[in-house]
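Please open the model in your viewer and keep the sequence panel beside it. We will go from one selection to the next, with a short note on what to look for at each stop.

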Amino acid sequence: MPATPTPFTPTRRTVLKGAAVGAAGVAGLPLLAACTGGSSGGGSSSKSTTLGSSASDPVPKAGVAAMVNGFEKKSGDTVTINTKSHNDFQNAINSYLQGSPDDAFTWFAGYRMRYYAAKGLVAPLDDVWDKLGADNFGKGIQQASTGEDGKKYFVPNYNYPWAFFYRKSLFQSKGYQVPTTWDDFTALCAQMKKDGLIPIAFGDKDGWPAMGTFDYLNMRLNGYQFHIDLMAHKESWNSKQVATVFDTWKSVLQYQDPQALGLTWQEVAQKIATQKAGMFLLGSFVTQQITDPKVKADMDFFEFPTVVEANGQDALEAPIDGFMLSKKGGDNGAANDLLEYFGTPEGQNLYSSKDPNQIETNLKADFSYLDALGKKAQQTIANAKYISQFLDRDALPAFANDVMIPSLQTFLKSGNFDTATVEKQAQQLYAQQ
Amino acid sequence: MSDNPTSVTVAPQTSQSLAPPAKRRRRLQRLTKRDKIVLGFMVGIPVLVELVLIWLPTVASVGLSFTKWNGLALGDIKSNGVGNYSYIFQNYPPFWPAVRHNILWLLFLAVIATPLGLLIAVLLDQRIRGSRIYQTVFFVPVMLSLALVGIIWELMYSPAQGFLDSVIGLFDHSKDAGQPGAIDWLGDPNINIWAALIAATWKHVGYIMILYLAGLKGVDPALKEAAAIDGANERQIFFRVVFPAMRPINIVVVVVTIIESLRAFDIVWIFNKGTNGLELMSALVVQNLIGEGQAIGIGSALAVVLLVVSLVPIVIYLTRTFGKDKQP
C-alpha cells in the first residue's frame with residue numbers, strides 16, 4: 001500500500017517519533033549536563049554548545065555552517081550542529097522542545113514563537129539583544145522578535161517582503177501609475193481589464209497564497225494590532241471588522257484571475273513574465289521563478305496600497321527566519337554568545353556570502369550582494385513599522401491549514417466567507433491548545 | 001507445513017500410551033523443541049509487530065479521539081467528551097463533502113471503471129491479434145504508484161500549460177492553455193472531482209482487467225460449449241454461465257473496488273492537497289494529523305470514523321475468505 005494513509009499511520013508516526021526523541025534524549029543527557037553545570041543566567045564558562053538546524057537544503061546549510069565556523073574561530077567555543085530535514089524539524093517541534101532539545105535552534109517569528117515563550121519552553125534573550133543593540137534592527141523586526149511578556153525571544157537572521165510584483169516595461173508602455181491608495185488600485189484594475197489583461201494575477205491551488213491578500217486587507221483596514229490579536233484568537237472572526245475585509249476583497253474579485261484555484265504560484269509567475277497579467281501579490285521569491293535575465297531585470301514591486309488613511313502602509317508582510325534558545329540553552333553562556341554572533345553584521349555577512357537569495361536583518365550588515373530589487377526590498381523592510389509573518393506563521397497552524405485554506409478557497413469561488421462557522425472552528429481548535 | 005503441527009500434538013500421546021523405543025521418542029522431542037522455537041518466532045514476531053504497529057496505535061487513536069491535546073506534555077491531554085465528533089459532524093465544512101466524494105468515488109469505480117475493466121478483459125480474451133500488446137498497454141498504469149498517476153494527470157490537466165487544454169486550443173484558440181477561457185480542470189470544484197475520477201479509472205481499469213483475464217482463463221470451456229449446444233447466444237452464455245462461474249473473482253473485485261474508494265488519497269493530494277472540491281476522508285485525516293495542521297483530537301476522531309466505515313468491507317472480506325476454506 002504505497003503512501004496510503006490508514007487510520008493508524010499518524011499515530012504510528014507519533015509513537016516512533018516519540019521513541020526516537022526519547023532515544024536522542026538519553027544520548028544527549030551527559031552532554032547537556034556538562035553544558036549546564038553550575039551556571040545561571042547566561043554566565044556559564046562552558047566552551048561548547050549545540051545548534052539544532054532545520055536548514056537542510058544545501059544553500060542555507062552552507063550559510064549556517066559559515067556562521068558557526070565564524071563563531072568558533074572568534075570565540076574558541078565548539079558548536080555541534082544537528083541538522084534535520086526542514087519539514088520534519090517543523091513538524092516535530094513539540095516533542096523536540098518537550099524532550100531534550102539542543103541549546104540553540106532555528107525557528108521563525110510568529111504565533112508559535114510567542115506560544116512556546118508563553119509556555120516557558122524557550123529562553124528570553126534580552127541580554128543578547130542589549131549587546132546587539134536594538135537600533136541595529138528595523139522597528140518591525142524588533143516587534144516581531146518580542147514575546148507577549150515584552151521580552152525578546154528571537155534573534156532574526158533574514159526575511160523577504162510580500163508585495164505586488166509587476167513588469168516595469170508593461171506599466172511604462174501602457175502609462176500605468178503605481179497605485180498608493182485603494183481607489184487608485186481599483187481604477188488601475190479597471191483600466192487593465194479594459195486593456196485585455198488579467199489585472200490581479202492569482203494562484204491558489206496550493207491554498208496558502210490567498211492568505212497574503214487577507215493579511216494585507218485586514219492590516220490595512222483594521223490595523224496591525226487587530227490582525228495579530230485575531231491571529232491569536234483574542235478577537236472574534238465573527239466580527240464586523242472581518243466582514244469588512246471580505247466585503248472589500250469581494251469588490252476586486254472580478255479583477256482576479258478566474259482560474260486562480262487551478263493554478264500554482266509558479267504558473268502564475270509565468271503570466272506576469274509573459275505580460276498576460278498586470279500585477280501579482282506574492283513574496284519576493286517570485287523572481288526566482290523567472291529565468292530570463294532581461295525579464296528579471298524588468299521586475300519591480302509596490303507595497304500593498306493604503307485602504308484606511310489612519311493605518312497607511314505601516315505594516316509589511318515579511319516572514320522572518322532566525323534562531324531561538326531552548327530553556328536549557330538559556331543557561332549556557334556559549335549558546336547565548338552564539339546567538340549574539342548570529343545577530344551581528346559579521347555573522348550575517350557570513351550567512352549571505354553563502355545564501356545571497358535572502359535579505360539579512362541587521363541594518364549594519366553589508367548589502368552589496370543584493371541586486372537593485374533586493375536593495376529596494378531591504379529598504380522597505382527596514383522602514384516598516386510593523387512586520388507580520390504570514391497567516392500560517394501568525395496564527396495557530398492547525399487553524400491556518402485546516403480552516404483558512406478551505407474557507408478562503410470557498411470565498412474565491414463563491415464570494416462568501418462564513419464568519420460564523422470559521423469562528424466556531426477557531427474556538428474548537430484554539431481550545432485544543 | 002501442516003504435517004509438523006500434527007506430529008507435535010500427537011507426539012506426547014503416542015509416547016505415553018504406546019511407550020515407543022527411547023531413541024524414537026528423543027528424536028520426536030528434539031523436533032518438537034525446535035518446532036516450538038521456530039513456531040514461536042514465526043507467530044510471535046508478526047503478532048508483536050501487529051500489536052505494536054497496528055493495535056496499539058488503533059486503540060490510542062480511539063482514545064485520543066475523545067480528548068484535546070496540544071501535543072506537548074502527556075499531562076496536557078484533556079478529556080473532550082464527544083466534542084471532536086460533534087465538531088466534525090456539525091462545524092467542519094469539509095467533512096460532509098468528503099463523505100459525498102468518497103461515495104461518488106465508490107459509485108464511479110463500481111458503475112464505470114469496473115465494468116470497463118471487465119469489458120476490456122472479455123475483448124482481450126477473444127484471441128484477437130496483438131492481444132498481449134493491448135494487455136500490456138492497459139496494465140502499465142497499474143504498475144505506477146498512485147502518486148505518480150496523480151503527477152501525470154496533473155500535467156495533463158493544468159490550465160496554464162496542460163496537454164488537454166493545449167489540444168483544445170488547437171481548435172478553439174480562446175480555450176488554449178494559458179488563456180482565460182481555458183477549461184479549469186483542476187480548480188473548478190464542479191469539474192475537478194471528475195478529473196480525479198478519470199485519473200483513478202485509468203489505473204483501476206487495468207487492475208480489474210488483469211483480475212478478470214485470469215478469471216476468464218479459469219472458466220472451463222466445456223461450460224460454454226454445453227451452453228452453446230443448448231442454444232444459448234453469446235450474451236446469454238456470458239451473463240448466465242461465464243460470469244456466475246467467476247464468482248470468486250467477482251468477490252475479490254467487489255472488495256478491491258470498495259477498498260480502492262475508501263483509501264483514495266494520492267491523486268487528490270497531488271492535485272491540491274484535498275481541498276476545493278476534492279475533499280476525501282483520507283485527505284482530511286492527513287490534514288488534521290500530520291504536519292503543520294496538527295489537531296490530534298480532531299484528526300483521531302476523523303480517523304476513527306474512517307476506521308469504522310472501513311471495517312464493514314474488511315469484515316465481509318475476511319468472513320468470505322475464511323468461510324471458503326472451511327467448505328471446500
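Start in chain A and select strands E2, E1, E3, E10, E4 and E11: in that order, these 6 strands form an open sheet with mixed pairing. Helices (H or I, at least four residues) and strands (E, at least two) are DSSP runs, numbered from the N terminus, and two strands pair if DSSP finds at least two bridges between them. The edges of this sheet are strand E2 (78–83) and strand E11 (359–360) of chain A; each has a single partner strand, so one side of each is left without a neighbour in the sheet.

A word on what you are looking at: this is a predicted model, in which local features need pLDDT of at least 70 and side-chain atom pairs count only at pLDDT 80 or more, while totals for chains, interfaces and linings use all residues. Residues are numbered from 1 along each chain as its sequence is written, and chains are lettered from A and ligands numbered from 1 in the order in which they are written.

Stay with this sheet and pick strand E1 (residues 48–53) and strand E3 (residues 104–108) of chain A, which run parallel and are joined by 2 bridges. Show Leu51(A) and you will find Ala104(A) of E3(A) opposite.

Is strand E5 (residues 162–167) of chain A enclosed or open? Here 6 of the 6 residues are buried, so E5(A) is largely enclosed by the rest of the structure. A residue is buried if 20 or more other C-beta atoms lie within 10 Å of its own, exposed if 12 or fewer, and partly exposed in between, with C-beta atoms placed from the backbone. E5(A) pairs with E7(A) in the antiparallel sense over 5 bridges, and Phe164(A) stands opposite Leu281(A) in E7(A). E5(A) also runs antiparallel to E8(A), to which 4 bridges join it; there, Phe165(A) has Phe301(A) as its bridge partner.

Move on to E6(A), which runs parallel to strand E7 (residues 277–283) of chain A, with 3 bridges joining them. Ala201(A) stands opposite Phe280(A) in E7(A). Follow the chain into the loop between E6 and helix H10 (210–222) of chain A, where you will find Pro209(A). Pro209(A) is buried, with 22 other C-beta atoms within 10 Å. Not counting residues up to four places away in sequence, Pro209(A) touches Gly203(A), Asp204(A), Trp265(A) and Leu282(A). Two residues are in contact if their C-beta atoms, placed from the backbone, lie within 7 Å.

**Over to chain B**

Colour chain B by secondary structure: there are 14 helices and 2 strands. Of its 328 residues, 33% count as buried.

Select helix H4 (residues 95–124) and helix H8 (residues 192–217) of chain B, which pack at an angle of about 40° with their axes 7 Å apart. H4(B) and H8(B) are therefore oblique to each other; angles under 35 degrees count as roughly parallel, over 145 as roughly antiparallel, 65 to 115 as roughly perpendicular and the rest as oblique. Their contact has 19 nonpolar, 5 polar and no charged residues. Ala, Val, Leu, Ile, Met, Phe, Trp, Tyr, Cys and Pro count as nonpolar, Asp, Glu, Lys and Arg as charged, and the others, Gly among them, as polar.

**Where the chains meet**

Finally, show both chains: 58 residues of chain B are in contact with 44 residues of chain A. Helices that each supply at least two residues of chain B's side include H2 (22–64), H13 (281–289) and H14 (296–326) of chain B. That side divides into 30 nonpolar, 21 polar and 7 charged residues.

Zoom in on H13(B) to finish: 9 of its 9 residues are buried, so H13(B) is largely enclosed by the rest of the structure. Just after H13(B), look for Gly291(B), which takes a positive phi of about 80°.

Technical notes: Axes are lines fitted to C-alpha atoms, for helices over the stretch in contact, and angles run from 0 to 180 degrees between N-to-C directions.
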